[in-house]
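Student: Could you show me how to read cavities and aromatic pairs in a model? I would like the general idea and then the case at hand.

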Amino acid sequence: MNDATVELELLDRERILAGLTETARTWLSRLEVHPALDSTNDYLLTKVGADWPSGAVCLTEQQQAGRGRLGRSWLSPFAACLAGSLLWRFPLPASALSGLSLATGIAVARALRNFGVAEVGLKWPNDVWWRGRKLGGILLESGGGPGAFAVVAGVGLNVALPSPVAAAIDQPWVDLWEILGVERISRNRLAALLISELIETFVRFQQGGFADLAAEWAEFDRVAGRRVRLTLPNATLTGIARGVDATGALLLETADGRLQPCVGGEISLRLES
């Protein structure tokens with residue numbers, strides 16, 4: 001790509017606040033925008049024990065030690081991505097939060113669709129795709145401390161990656177600059193849409209769990225009906241993905257025709273040709 005054609009927009013806290021939905025404004029407890037952080041997830045995890053309330057959001061122009069699932073690094077050059085995290089305290093036991101990662105993916109996909117990204121999809125359990133290439137990722141982590149069970153949901157989206165950074169990515173990827181074909185991408189509008197969808201989805205999840213969202217997952221599911229390979233810590237499974245159940249578990253049709261539920265965690269999914 002020609003980096004000179006991309007006009008970067010810096011994050012503006014007031015502009016983001018102005019773009020939030022009424023529900024998001026009601027539940028948002030704090031919004032911070034930083035020029036650089038090691039990781040927005042790490043930053044908010046340190047605030048869990050400090051009794052920061054539910055609805056705290058942290059955004060950064062650059063993540064210097066961002067990470068994805070399974071310990072992978074996540075590249076976030078200055079103003080070239082949208083990187084942020086949401087802290088939420090659920091008045092529920094951890095066992096009731098099954099499917100929250102998928103619900104987060106639905107929120108991100110909704111925000112991107114509203115931003116004008118047609119064909120946005122999700123790869124179980126938490127990759128954001130566009131035409132088979134990775135546009136973003138999600139990482140959920142839990143924190144200790146008193147009170148309700150705390151979760152930090154981190155989201156990273158490729159906006160306009162510089163060529164040297166893009167060359168280091170080891171999988172098919174895409175950014176919004178390529179998808180939308182415009183010279184200026186409003187990261188502030190995207191941030192407002194993303195925060196609004198995340199908060200509204202978490203409120204809904206808190207009330208009804210993933211079962212209320214399972215049907216919507218099917219709209220964005222780009223794995224269903226395809227042959228996949230699941231790599232678990234101690235085993236490898238192959239079969240055909242058949243969507244998810246009410247808990248967010250992937251339903252894998254095995255060679256003998258059984259449907260085997262597979263939960264997230266330390267599972268890596270790859271499509272087989």
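**Cavities and aromatic rings**

Tutor: Two cavities of 30 Å³ or more are found in this structure. This is a predicted model, where local features need pLDDT of at least 70 and side-chain atom pairs pLDDT 80 or more, while totals for chains, interfaces and linings use all residues. Residues are numbered from 1 along each chain as its sequence is written, and side-chain values use heavy atoms, leaving out hydrogens and water.

Student: Which elements give two or more residues to the lining of the largest cavity?

Tutor: Rolling a probe the size of a water molecule over the atoms shows where empty space is left. The largest cavity holds about 60 Å³ of space. Strand S2 (56-60), strand S3 (81-90) and helix H7 (187-208) each give two or more residues to its lining. A cavity here is a set of points on a 1 Å grid over the protein atoms alone where a 1.4 Å probe fits but cannot get out, and lining residues have an atom within 4 Å of a point.

Student: And how do I read an aromatic pair?

Tutor: A pair of aromatic rings is described by the distance of the centres and the angle of the planes. Rings pair if their centres lie within 6.5 Å; planes under 30 degrees apart are stacked, over 60 edge-to-face, the rest tilted. The structure has six aromatic pairs. Trp-88 and Phe-90 form a tilted one, 6.4 Å centre to centre with 50 degrees between the planes.

Student: Where do Phe-90 and Phe-202 lie?

Tutor: Phe-90 is in strand S3 and Phe-202 in helix H7, so their pair ties together parts 112 residues apart in sequence.

Note on methods: On a 1 Å grid over the protein atoms alone, a cavity is a set of points where a 1.4 Å probe fits but cannot get out, and a pocket is an open set with protein on both sides within 12 Å along at least five of seven lines; lining residues have an atom within 4 Å of a point. Grid points are joined across faces, edges and corners, and a volume is the space filled by probe spheres set on the points. Helices (H or I, at least four residues) and strands (E, at least two) are DSSP runs, numbered from the N terminus.
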